[in-house]
Amino acid sequence: MDDSLTLWIVGVALSTAAVAPMVVRIRRRELETDAAEAKALAYGLHEPATLHPVVDPALCIGTGSCVDVCPEGQVLGIRHGQAIAIAPASCIGHGLCERACPVEAIRLVFGTRTRGVDIPHIKADFETNVPGLYIVGELGGMGLIRNAFEQGRQCVEGIAKKAIQGGDDLLDLVIVGAGPAGLAASLYAREAGLRFVTLEREPDPGGTVRHYPRKKLVMTAPLRVPGLGKVGAREMLKEELITLWARLASDLPIHTDCTVKAVHHAGNGFAIETNRYGYHARRVILAIGRRGVPRKLSVPGEDLDNVQYALAEPDAFRGDRVLVVGGGDSAVEAALALGEQSGTKVRISYRGEQFSRIKPSNRERIETAIEVGGVEVLWSTSVTRVERDKVWLESHKPSLCPRTLANDQVLIFAGGELPTPFLRACGVEIDTKFGTP
C-alpha cells in the first residue's frame with residue numbers, strides 16, 4: 001500500500017476517533033432537548049408568565065454553558081448546535097445563563113409579543129422616574145430571593161455614594177418592606193452608616209416567604225451578609241430561612257405592623273404616611289413585592305373569616321373540609337400540605353381541564369395524591385359564592401350543572417396584583433413589557 005494512502009487512512013481513523021465522541025454527545029444532548037421539550041409542552045411550561053431567557057440565534061455558538069449552569073434544569077436545551085428555550089415558564093430569573101454565555105447571545109426579558117407584563121419603570125440603579133424613589137425585588141419583576149437580596153445591596157450602595165444634604169430632621173432612607181430585598185437593603189444601610197428605618201406591615205419580617213407551606217424549598221444558594229459573610233446552605237427550607245431572617249433582623253430598626261398608605265414629595269425629601277406614624281426621609285426604597293395585594297374572586301361571601309389567601313400552618317386545618325382555589329404551584333403545594341393532615345378533606349377548584357405551568361415535581365406529587373384519594377380536583381369549575389359551611393361552584397362544561405359543597409375553609413391562590421394605584425399615587429410610571437428586558 002502506498003505510504004501516502006496509509007497516512008491518509010490513519011489520519012481519517014484518528015479524526016473519526018476524535019470526532020465520534022463529540023458527535024455522540026451532541027446527539028445525546030439533542031435527544032434530551034427533544035424529550036424535555038415534549039414534557040414542557042405537556043406540562044404547559046412553554047408559555048412564559050414573566051421573566052424568561054431569549055436566545056439570539058445569530059450570536060449563539062452552541063457552547064451549552066447556559067444549559068449547564070441553570071439550577072432549574074432544562075429551561076434551555078441544544079438543538080442543531082444552538083441553544084433554545086424549551087421550558088421558559090420554569091425560569092425564575094437566576095440570570096446565570098445570561099452571564100455564562102461567552103458571546104452575549106442570551107438576555108432575560110419580561111412578557112412575550114402577545115402577553116404583556118406590567119413592570120414599574122426603573123433605571124439601572126433601581127431609581128424610578130421619581131428622583132429619590134427606588135424599587136427593588138419582586139415588585140420590579142425579580143422574584144428570586146437571592147437576586148432580590150443582591151438588588152437590595154446594589155441599590156443601597158448606590159444611594160450611599162450620593163451626597164447627603166439637608167437638615168438633621170430627615171432620615172437618610174426609609175425602606176418599605178422587610179422581605180428579602182428589604183432586609184438586604186436594611187443590612188447594607190446599617191453597614192453604610194445611613195440613618196434609616198424599615199417599615200413592615202406584617203407582625204414579623206420575612207415577606208411572602210412566611211406564607212409559604214411548611215418545608216417548602218425557598219433557596220438554592222447561600223447568601224453573603226454584611227458582617228457575617230456567607231450564611232445558609234446550598235438549599236434552604238422556609239423554616240430555616242425564617243430563622244435566619246429573625247436573626248438578621250433582631251438588631252435592625254424595623255417597625256412592624258406598620259402599613260404605608262402614601263409616599264409623596266415634601267421639602268427636600270419624602271413624607272411617608274402610615275397607619276401609625278409619619279416619617280420624613282431624603283430617599284425611599286419600595287421593596288413591597290407584587291403579591292402584597294392578592295387577586296380576589298369578587299364573589300359574595302369572599303369577605304368572610306373562613307376565606308384566606310395564604311397557608312402558613314397546615315395543621316390548623318386538621319379535620320376541616322377545605323377548598324383550594326387555583327391551579328398554580330402555590331395552590332398545588334397548599335393542597336398537598338393540607339392533604340397530609342389527619343382527617344382533612346381537601347378539594348381543588350380549577351377552571352382549567354388540567355394543571356398548566358406547574359413544576360414537574362409538583363405535578364407528579366399531585367397526581368399521586370389524586371390517585372390515592374388525598375386530594376380531589378374539581379376541573380373546569382369556578383367559585384360563585386362562599387358561605388360559612390358551604391361553597392357554590394359553577395361548571396364551565398355545559399353538560400354539568402352548578403353544585404353546592406359542604407365546606408369549612410376556602411384558600412384562594414389566584415395570584416397577586418401589582419399595586420398600581422399606590423405606585424401611580426407615588427408618581428411611578430408603569431411599563432408594559434412585551435418580550436423586552
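Select glutamate 157 and arginine 153 in the predicted model: both lie in helix H4, 4 residues apart, about one turn of the helix. Helices (H or I, at least four residues) and strands (E, at least two) are DSSP runs, numbered from the N terminus. The two side chains meet in a salt bridge at 2.7 Å, N to O; the term denotes a side-chain nitrogen of Lys or Arg within 4 Å of a carboxyl oxygen of Asp or Glu. Glutamate 157 is partly exposed at 33% relative accessibility, and arginine 153 is partly exposed at 22%. Here buried means under 20% relative accessible area, exposed over 50%, and partly exposed in between (1.4 Å probe, protein chains only).

Residues are numbered from 1 along each chain as its sequence is written. This is a predicted model, in which local features need pLDDT of at least 70 and side-chain atom pairs count only at pLDDT 80 or more, while totals for chains, interfaces and linings use all residues; side-chain values use heavy atoms, with hydrogens and water left out.

Next, display the whole of H4. This helix has 17 residues and reaches 25 Å from its first C-alpha to its last, close to the 24 Å expected at 1.5 Å a residue; the expected span is 1.5 Å times one less than the number of residues. Its buried residues are Ile145, Asn147, Ala148, Phe149, Gln151, Gly152, Cys155, Val156 and Ile159.

Move on to lysine 162 and aspartate 125, whose side chains form a salt bridge of 3.9 Å, N to O. Lysine 162 lies in the loop between H4 and S7, and aspartate 125 in the loop between strand S5 (117-120) and strand S6 (133-135), so the pair ties together parts that are 37 residues apart in sequence. Lysine 162 is partly exposed at 29%, as is aspartate 125 at 34%.

Now select Val156, Leu173, Trp245 and Ile285, the residues with the most contacts inside the largest nonpolar core, which has 32 residues. Such a core is a set of buried Ala, Val, Leu, Ile, Met, Phe, Trp, Tyr and Cys residues joined through side-chain atoms within 4.5 Å. Helix H4 (145-161), strand S7 (171-176), helix H5 (180-191) and helix H6 (238-249) each supply at least two of its residues. The largest share, 7 residues, comes from H5.

Centre on leucine 173, which touches residues including Val156, Ile159, Ala189, Phe196 and Ile285, not counting residues up to four places away in sequence; contact means heavy atoms within 4.5 Å. A second, separate core of 24 residues includes Leu199, Val260, Leu286 and Phe422.

Select H5 next. This helix has 12 residues and reaches 17 Å from its first C-alpha to its last, close to the 16 Å expected. Of the 12 residues, 10 are buried, so H5 is largely enclosed by the rest of the structure. Just after H5, glycine 193 takes a positive phi of about 80 degrees.

Finally, go to aspartate 389 and lysine 390, which form a salt bridge with the closest N and O atoms 3.3 Å apart. Aspartate 389 is partly exposed at 42%, and lysine 390 is partly exposed at 25%. Salt bridges that share partners join Arg385, Glu387, Asp389 and Lys390 into one network. The count of salt bridges comes to 16.
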